[in-house]
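I am opening a notebook on a structure that is new to me. The entries below record what I looked up, in the order I looked.

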Amino acid sequence: MKIACMDCNHEVIMGTLGACPACGGILQAHYDDAAINTLIEIQPGRGIDRYRSLMPVQSAIPNLGEGDTPLLKSKRIGTALGLDHLYFKNEGLNPSGAFKDRAGAMVAALAIDNQARGVICASSGNASSAVAAYCAAAGLDCIILMEPGNPVTKLRQTLATGARVIRVEGIFAHGPEALRDMLIDVAQRTNHYLGFIWAPVNPYILEGIKTIAYEIASQLNVVPDAVIAPVGGGDMFTAQWRGWCELHRAGVIDTLPRMIAVQSESAPPLLAAFRNEQSSVETLSYANSKVSGINVAFTGNHALAAVRESNGYVVGVSDDEIFAMQRRIAVEEGIWIEPASAAPVAALHHLKEARQIESDSYIACIMSGAGFKDAKLAADVANTIAQQETASFDAAHISELIGQQLS
Ligand SMILES: [Zn+2]
């Protein structure tokens, strides 16, 4: 296995953090044929640890039951949209409720490999819950730097597993390079492993996330025509593309899916780069989406590369479309996911109009996290119900109120 730059192929020693010292590009792991060929047989066991020959870690990966999330065939929305083969990969069923657990497990193992006292991470929410949980499982100290004003439910979960939280004013406002340099500095000063879940800062972590692709391949038995995912920093999107490419290299699959990225129109750095045919993603001067997790001013160039290499596409949806689809998925499919997870499904009719998907396409939408992660909408509904008339202990009265609701 070697670590090399995705742009200039410059090789660095294993464990190097940050950007390529030669050109500033993003570093990535490359495996030899023997490691890649382990994909030919489905490895025994559960979760992501069974793929450890394709991960850059020596220590055991702490297991909390991450991975092996269900791939669910749509029960109603697919039919309503005229899509015969619509599937949802429900990453909300990971232990802390988001795909980031696949990364959190890797972070803890990497911290042990590096003999660090603990882990330091900066996060808008889901990553902090995941890293905190896996640090607790591995007996590691955990420090989370967090933007003030994130959903309280996410902060609560992080604190429950014993992480120390330091709220940093404007932590994501200084651009990716400044953030990376600051985090590396703090990590060195405090002997904590830098577990920031973004490949331009820590290129190893997405090796855990790529297992989503391995799982879909074995669950679906055909290669999807399109994998559609919400995109913030771009790791989850890019990691899956790597996973599909590795399966292809091993000969497990003979075609590759198109990777389709979805962003909010209110925070669209990757969308802007794609529409304007830019050679790299530029940091936006704004990020105004109400959808936590994808409210980003910057996306990594690795995601743009994954779009281009896969002959993929980038589509924007409004926050209102995302919130409406979040509710629809809960009510019509029985799956309560966080708003960002609804973005791929909200994009489907745009993609159909643009002829990016067809009625008979096999489509895998990645639902990144569970509904309790960002429950403001549900809390609003609960507050409305708290204002409604209460029934007396009387069958006729209760039935009358039910009748009013049904009419
Ligand atoms: Zn380079």
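**Entry 1: terms and ground rules.** Before looking at helix packing, I note that axes are lines fitted to C-alpha atoms, for helices over the stretch in contact, and that angles run from 0 to 180 degrees between N-to-C directions. Helices (H or I, at least four residues) and strands (E, at least two) are DSSP runs, numbered from the N terminus. The model is predicted: local features need pLDDT of at least 70, side-chain atom pairs count only at pLDDT 80 or more, and totals for chains, interfaces and linings use all residues. Residues are numbered from 1 along each chain as its sequence is written.

**Entry 2: the whole protein.** I looked up the element list and found 16 helices and 13 strands. The radius of gyration, taken over C-alpha atoms, is 21 Å. The C-alpha trace spans about 75 × 45 × 45 Å along its principal axes.

I then checked burial. A residue is buried if 20 or more other C-beta atoms lie within 10 Å of its own, exposed if 12 or fewer, and partly exposed in between; C-beta atoms are placed from the backbone. Buried residues make up 50% of the 407. Contacts came next: two residues are in contact if their C-beta atoms, placed from the backbone, lie within 7 Å. Of the contacts between residues at least 6 apart in sequence, 70% join residues at least 24 apart.

Entry 3: Two strands pair if DSSP finds at least two bridges between them. I traced an open sheet in the order β4-β5-β13-β10-β11-β12, with mixed pairing. Which strands stand at the edges? They are β4 (71-73) and β12 (313-317); each has a single partner strand, so one side of each is left without a neighbour in the sheet. The twist averages 25 degrees from one strand to the next.

Strand β11 (residues 258-264) pairs with β12 in the parallel sense over five bridges. In that pairing, V262 stands opposite V315. I found helix α9 (residues 235-249) packed on the sheet, touching β10 (226-230), β11 and β13 (362-367). Its direction makes about 155 degrees with that of β10. Helix α13 (residues 339-346) packs on the sheet too, touching β10, β11, β12 and β13, at about 145 degrees to β10.

Five of its five residues are buried. A226, I228 and P230 cover one side, and V227 and A229 the other. Five bridges join β10 to β11 in parallel, and V227 stands opposite M259.

**Entry 4: two packed helices.** How do α12 and α13 cross, parallel or perpendicular? The axes of α12 (residues 319-333) and α13 come within 8 Å and cross at roughly 95 degrees. The two helices are therefore roughly perpendicular. The angle classes are: under 35 degrees roughly parallel, over 145 roughly antiparallel, 65 to 115 roughly perpendicular, and the rest oblique. Among the residues that meet are F323 and I329 in α12, and A342 and V345 in α13.

Entry 5: Helix α3 (residues 100-113) has 14 residues, and 13 of them are buried, so it is largely enclosed by the rest of the structure. In strand β7 (residues 141-146), five of the six residues are buried. Six bridges join β6 (residues 118-123) to β7 in parallel, with S123 opposite M146. On to β8 (residues 164-167): β7 pairs with it in the parallel sense over four bridges, and M146 stands opposite R167.

**Entry 6: single residues.** Most residues other than glycine have a negative phi. Q115, not a glycine, has a positive phi of about 50 degrees. Q115 lies in the loop between α3 and β6. With 9 C-beta neighbours inside 10 Å, Q115 counts as exposed. N191 is not a glycine either, and its phi is positive at about 50 degrees. N191 sits in the loop between α6 (176-190) and β9 (192-194). With 13 C-beta neighbours inside 10 Å, N191 counts as partly exposed.

Last, I looked up L304, in helix α11 (residues 301-309). Is L304 buried or exposed? L304 has 24 C-beta neighbours inside 10 Å and counts as buried. Leaving out residues up to four places away in sequence, L304 touches L270, A273, F274, S280 and V281.

Key:
Rg over C-alpha atoms; globule rule 2.2 N^0.38 Å.
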